Structure formats: C-alpha cells, structure tokens
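Please have the sequence and the structure at hand while reading.

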Amino acid sequence: MGRSSNKTNKYAGGGGGGGGGDADREDKAMAHSAEFEQKQIEMLLAPSNRISWEEYKEKHRDQLQDRLGAGVEKEQADYRKMLDAERNSKLARGKNHKHLAEEQEKEKEKKRLKKEKKKAKKKDKKDKSSKKSKGHESEEEEEDVKPSKKSKKSKKDKKREDSDSEEEEERKEKKSKKDKKSKDSDSDWKKDSKSAKDGKKSSSSRRREEEKMAPPKLKPRTLGGDSRMKATYEAHASQDSQAKNPPCLVTVTLTNSGDCLLGPISVTMVPSMNVRVNGSIPEVATLKQGQSDTIRIELQVASVNKPQKIKCTLKYEAVGEGAPAAPQSVSCELLLPCSAFLVPRPVTPQEFDSLLANGSCTHSSSAVLEGTGRPFKHSLSLLTLLLNLRVVEGMDGSASMYAQSLQGHHVLILAKAKGGSTVSVDLRSNDEALSTQLCNEVSGLPLFIAQ
C-alpha cells in the first residue's frame, strides 16, 4: 500500500525550501538609490570639522588650567612656602637657630622702613599740594595759615616722636629679654656643671658598689637524674700543649638528693663517629644523704666547629627504707658546646693585631649580651668563663680576648660596653661554623649565670 496523494503541501513556494519570493521583495525594499549612496560616500570622505585635543587645550586653557597641572603646581608651591615660613618661625624660637631669628628681625625692620618711607612720601605730596594752592592767595591769608601749619607740623612731630619712643621701648624690651635668656643659659650651664659634678660623685659611688659586689659565677650544665640523685657537668679543653690531640675534659658531679644511701654509681657513654671515650670511666662507691662526688672523663673529639651530643646512662643502687630492690638506671644526654673545645692561649697585643690584619680570620659574627644587670668588668669575666678566653688587653669599657681550638682555629673577640649594662661582642675566626656557634652561646649566657 502506498501513501495517499490527497494531502496538501505545506510549503507552496516551489522547490528548494520555498519562500523565495518574499526575500526578493525585502531586498528590493531595503535597497537605496545610486544618488543616496554617492552622497553617503562623499560625506564620509569629506574632512571633518572636529578640532584636535591640543587645539581644544589651547582654546580652553583658562578653564583647564587647574586640571592640567599648572594651577596645582602653583598651589603646591604656595603651600610649600607657607610650610617653610611656619617651620622657620618655630625654629627661630630655639637657641640652635639664631640665624633664622636674625633673618626674621631683618625682615621686620625692612617692612617697618618701607612703611615709614611710604608715609613720608604721602606727607611730602600733601605739603607740596597745600603750598601750591596757598601760593595764589594773599599774604594775609598766608600769615593766618602759618600758625595752623605750625600746629599741624607740631602734631605730626608729636606723632613721630611718639612712634619713635614706642620703637625705642620695644627695642629695650627685646634687649632685656635677650639679657634674661643669656642669664638663664648661664644658670643652665652652671646647673649642668653641678649635675656633672654630682654625676662624678655618683659614678664614684657606683664604682665602690661594683667593687663590693661579688664576682659572678656560671651554673653547671644539667646532665640528668631523678628524685634520689642529680647529675651536673662542666666541660673544658685540656691545656696540655705537649699532647698531639688534646682531649676534652668533662667533670660530672653526682649529688644524693634523696633519703636513701646510694650504692655504687656508674656513668656509661655510647661512643659515636665524632666522640669517643679515652680509657675507662671510674665509679663512685657510696653517696650519703646530701653528699656530692665527682667523676672525671676524657673525651676525644673529631670535629670542633659544632656541638656534639653523647648518650649516657646513670646507674645506681639505693639502700634504706622505701628504696627500690632493683638497681636504677637513668638515661640522659650530654651536650658538648663549641666553647668546651677552646683553650685560652696567651697572646701579646701585637700578635693579636697581626692576626686581625693578615686576613686569616675572615669569618666574623656579632652578638649582644643583655640583661646581666652587672658592670662591664663582671660581664667580661662571665665571657671569659663561658668561652674559656684569655684577656689580651683591657681598657675602660672595652677589651680584646683570644682563644684557640683543639684543632688550631683562632678565635678573636672584641667586647665593648654600651648603655644599660649591655655589651656588644664582635667575634672573628678562620672557621665560619665555629664563629656562629660561639655567638649563639654568647646570646644564651644570661641563662647560665648563677644567682
């Protein structure tokens, strides 16, 4: 069965989509005549009567003057002049800017002289005009007028005399003020001299107080411990100049802080790549309540430009009431700072200066010692104790110090006193890492000061 052919076609515009006749009609309606198109082309090609931006600025310069910058610059210049005048007027009040005050006085005198000249010119003009008008009159009238002129002149002379007397009074007042200021300044100088004398007296009293103060000490470093026992230590480099590889000497102090009797106490250390123990470590036989004893340990160090850590174990037995039955062990860590590897070698000031000048100690670092609350003399002794230094040369408020590491590194230090019990420390060495580590220790010095 095929489809029915009775259906009407929706698009009756012919083949190929239909509606072709409507498009042709629209094109014909939108089309322009040749004359219109020619006029349009001529209008577009014709030169425009519009003015450029530069011409517009020249034409409206007065209106745009403030917006274009000229007016703003004038205002800024006037404002700067006003600020300069205010600043000069304020500075002229002080003692350190007398030239500004003199300039202001000169300007005032110039203005006053100008005013007087203007007044004198006006008076001369009035006198000349009055003389010309009165010359045509009779002598009788002139005789009658002369006393009136004299009276006028006398009044003017009186005014001038009054103004002159007022100016003289003002000048006298200014002179008196200046004299008072000079007297006040003299009194201030006298007060300052008295205060300086008082300061000298106070400085002498301070020196006496400083001499009475006890010399400072450093606290030992904490190793470890528990409720029954505490262990502290101090580390210093060996000063044996004949040894090829001088060791680092560690002194461990053991204290019985409990109620029991402590039996044999031993310290064991685990060697590492950089640190090893020379020989055997001795033991402490017994420690009664409150007693202390020391153990000396020799350590061989391979690297001295950075701190070294060693793992340790403290072992002991307790005897008495409440004491544990089993032996006790406490694990801890021993820290060797870089200052423990320095030896205070004696050096002359000339040798110290040559080490500074020859360029061998190129690595420098600095630190500030704050918060000690002590005089420079005590701060200097604290520095020598902390870093194991020897004072080369000392003066009021400054000192030079020297030390040498176990491996031959030079350490040069300059200490200077500053206000508020602060001390600046400048350090030089031929090893950069060593200089930075030592400066870090100087910054942490207040933590190790014994109260």
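In this predicted model, the side chains of Arg87 and Asp84 are joined by a salt bridge, with 3.7 Å from N to O. Both residues belong to helix α5 (residues 70-91), where they sit three residues apart, or about one turn of the helix. Arg87 counts as partly exposed because its relative accessibility is 48%, a value between the limits of 20% and 50%, and Asp84, at 36%, is likewise partly exposed.

Another salt bridge links Arg112 with Glu116, two residues of helix α6 (residues 98-135) that are four residues apart and so separated by about one helical turn. Arg112 is partly exposed at 24% relative accessible area, and Glu116 is partly exposed at 34%. The count of salt bridges comes to two, and they are set out below.

| Salt bridge | Closest N to O |
|---|---|
| Arg112 and Glu116 | 3.1 Å |

The nonpolar cores come next. The largest nonpolar core holds 36 residues, and within it Val250, Leu254, Leu334 and Leu336 touch the most other members. The elements that give two or more residues to this core include β3 (248-256), β7 (292-301) and β10 (328-336), while β2 gives the most, with five residues.

Leaving aside neighbours within four places in sequence, Leu334 is in contact with several residues, among them Leu223, Tyr233, Val250, Met269 and Ile310. A second, separate core is made up of 26 residues, including Leu387, Met401, Ile413 and Leu438. In soluble globular proteins, nonpolar side chains tend to be buried together.

Conventions:
Residues are numbered from 1 along each chain as its sequence is written. This is a predicted model: local features need pLDDT of at least 70, side-chain atom pairs count only at pLDDT 80 or more; totals for chains, interfaces and linings use all residues. Side-chain values use heavy atoms; hydrogens and water are left out. A salt bridge is a side-chain nitrogen of Lys or Arg within 4 Å of a carboxyl oxygen of Asp or Glu. Buried means under 20% relative accessible area, exposed over 50%, partly exposed in between (1.4 Å probe, protein chains only). A nonpolar core is a set of buried Ala, Val, Leu, Ile, Met, Phe, Trp, Tyr and Cys residues joined through side-chain atoms within 4.5 Å. Contact means heavy atoms within 4.5 Å.
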